[in-house]
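Here is a short briefing on one protein model, with a look at the whole chain and at two of its residues. Have the structure open as you read.

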Amino acid sequence: MTTTQTQTRPEAPRPVEEQAKPALLSAARLQDLLIRNAMVVVLLLVMAYFSYESARFATVANVRTILIAAAPFALVALGQTLVILTGGIDLSVGSVIAVSAMTAAKIVLGHPERLWLALGAAIAVGILCGLINGLLVSRLNVPPFVATLGMMTAASGAAFVIGDGAPINGLPAEFGRIANTRVLGFPAPVWVMLVGFAIVALVMHRTSFGLRVYAVGGNRTAAEVAGVNVRRTLTTVYVVSGALAGISGVILASRVISGPPTLGQGYELDAIAAVVIGGASLMGGRGTVWGTALGLLLIQTLNNGLDLLVVPAYWQQVIKGVLIAAAVAVDMWATKRRST
């Protein structure tokens with residue numbers, strides 16, 4: 001027998017059905033799945049708790065209520081997402097909502113037939129506020145916190161000036177149709193919210209503008225070297241944020257058929273919270289529209305569920321603060337695990 005003949009013959013390949021198959025849902029895979037979708041898990045747990053505690057929570061009517069309440073916040077949160085992705089922040093959106101709503105209400109009060117003029121004027125006011133913010137940040141290098149804080153104060157004062165220090169009431173019923181008209185069973189603002197999310201997601205993930213926004217937030221110097229017009233990009237995101245706040249102002253004023261100068265107060269904080277809860281970094285360069293949607297849904301679910309449980313308002317603030325902090329901590333831990 002030769003040496004060649006004594007060599008061990010390679011084993012014939014085993015039939016496919018005999019090969020070891022990886023477990024479809026092993027412990028490691030399950031852990032990785034939970035880590036990658038930590039925010040979804042938190043949201044589902046919160047929903048499960050409220051569904052157990054209140055029979056009214058998991059109903060179609062209540063889901064509709066959550067979506068209606070989320071619509072004005074969603075537009076503001078979308079604009080805030082773009083700003084935060086560039087490493088900035090927009091504290092003025094709440095006041096821009098107020099001054100835009102007051103502008104629309106003032107026009108409608110004098111000219112009830114000019115609804116489109118009122119809507120256009122409110123958006124124009126939002127764009128103007130955003131443009132000023134953008135120019136201060138991009139051209140004069142004013143820190144976003146300072147620039148938008150100044151705009152917040154100025155716009156809030158302007159809202160009171162327009163109404164002579166009082167709400168604008170007595171608006172025609174036609175103005176209320178903007179926010180209260182139903183399409184396929186849902187009020188128009190819900191569809192505006194869904195279309196807004198679709199458009200912004202498409203822009204951020206399918207266009208060069210989205211890439212520029214991420215590039216500016218990730219590394220501004222590198223973006224400039226790569227040929228990105230940083231100033232134009234920064235100005236654009238603040239303009240978009242202002243325009244969306246203007247639309248939100250019209251929706252809110254139309255819903256109550258009135259123009260209170262304090263409309264939108266506190267919206268900037270909830271919008272920032274939704275973006276951060278959704279996984280965006282306040283340092284810029286990281287975050288998604290999908291994450292903002294999840295963060296917004298978590299906040300609105302908390303608001304709705306705590307109201308159904310008749311939890312006092314002061315306790316709601318405490319609970320929401322703790323849960324939001326916990327959600328962010330879980331998301332940051334999950335992000336750290338994914339990066340290692």
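Helices (H or I, at least four residues) and strands (E, at least two) are DSSP runs, numbered from the N terminus. The model is predicted, so local features need pLDDT of at least 70 and side-chain atom pairs count only at pLDDT 80 or more, while totals for chains, interfaces and linings use all residues. Residues are numbered from 1 along each chain as its sequence is written, and side-chain values use heavy atoms, with hydrogens and water left out.

**The chain as a whole**
- The protein chain has 15 helices and 2 strands.
- Of its 340 residues, 44% count as buried (under 20% relative accessible area, 1.4 Å probe, protein chains only).

**Asp90**
- You will find Asp90 in the loop between helix 4 (60-85) and helix 5 (93-110).
- Asp90 is buried yet has no salt bridge (a side-chain nitrogen of Lys or Arg within 4 Å of a carboxyl oxygen of Asp or Glu).
- Its nearest side chain of opposite charge, Arg220, is 16 Å away.
- Beyond four places in sequence, the contacts of Asp90 (heavy atoms within 4.5 Å) include Gln80, Asn133, Tyr238 and Glu268.

**Thr233**
- Thr233 belongs to helix 12 (residues 230-256).
- Thr233 counts as buried because its relative accessibility is 3%.
- The Thr233 side chain reaches the backbone oxygen of Asn229 at 2.9 Å.

Terms used. Buried < 20%, exposed > 50% of the residue type's maximum accessible area, 1.4 Å probe, protein only. Lys, Arg positive; Asp, Glu negative; His and termini not counted. Polar contact = N/O pair within 3.5 Å; in protein donor to acceptor, adjacent residues only side chain to side chain.
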